[in-house]
Amino acid sequence: MKYVNADIIFPEELLKEIQKYIQGSMVYIPTPEGQRKKWGENSGSRKHLSLRNETIRQQYIDGATIDELSDQFCLSIDSIRKIIYSKI
């Protein structure tokens with residue numbers, strides 16, 4: 001998160017109104033609900049995990065065992081099962 005000086009972005013009237021409530025402190029202004037990104041969208045983690053899970057499913061279809069996939073991807077057997085049997 002980047003720090004931005006309120007003097008630069010807010011009109012003078014709005015800044016004075018905000019200063020009635022708080023002065024000299026940092027205030028977090030959240031993104032509107034409809035514009036929030038889901039976990040991992042900025043960093044690419046979500047896409048990486050989706051690709052990994054698809055690879056696991058495909059290898060299972062191609063004949064790999066759950067034990068082999070568990071060792072290959074360093075995941076528990078239960079995690080592999082959840083990935084394989086989850087609905088896409």
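**The contact of helix 3 with helix 4**

A: On the helix 3 side, Arg52, Thr55, Ile56, Gln59 and Tyr60 meet Ile66, Leu69, Gln72 and Phe73 of helix 4 (contact means heavy atoms within 4.5 Å; helices are DSSP runs of H or I, at least four residues, numbered from the N terminus). Sorted by class, this contact has 5 nonpolar, 3 polar and 1 charged residues (Ala, Val, Leu, Ile, Met, Phe, Trp, Tyr, Cys and Pro are nonpolar; Asp, Glu, Lys and Arg are charged; the others, Gly among them, are polar). The model is predicted: local features need pLDDT of at least 70, side-chain atom pairs count only at pLDDT 80 or more, and totals for chains, interfaces and linings use all residues. Residues are numbered from 1 along each chain as its sequence is written, and side-chain values use heavy atoms, with hydrogens and water left out.

Helix 3 spans residues 45-61 and helix 4 spans residues 66-73; their axes come within 10 Å and cross at roughly 150° (axes are lines fitted to C-alpha atoms over the stretch in contact, with angles from 0 to 180 degrees between N-to-C directions). The two helices are therefore roughly antiparallel to each other, a label for angles over 145 degrees. Helix 3 passes helix 4 in a right-handed crossing (the near helix is turned clockwise from the far one by less than a right angle).

Ser70 also belongs to helix 4. Ser70 has a relative accessible area of 11% and is therefore buried (buried is under 20%, exposed over 50%, partly exposed in between, with a 1.4 Å probe and protein chains only). Leaving out residues up to four places away in sequence, Ser70 touches Leu75, Ser76, Ile77 and Ile80.

Glu54 is partly exposed at 37% relative accessibility, whereas Arg57 is buried at 14%.

The structure holds 4 salt bridges. Among them, Lys16 pairs with Glu12 at 3.2 Å, N to O. Both lie in helix 2 (residues 12-19), and because they are 4 residues apart, about one helical turn separates them. Lys16 is partly exposed at 47%, and Glu12 is exposed at 52%. Another salt bridge joins Glu17 to Lys20, with the closest N and O atoms 3.2 Å apart. Here Glu17 is partly exposed at 34%, and Lys20 is exposed at 61%.

Definitions and conventions. Angles under 35 degrees count as roughly parallel, over 145 as roughly antiparallel, 65 to 115 as roughly perpendicular and the rest as oblique. A salt bridge is a side-chain nitrogen of Lys or Arg within 4 Å of a carboxyl oxygen of Asp or Glu.
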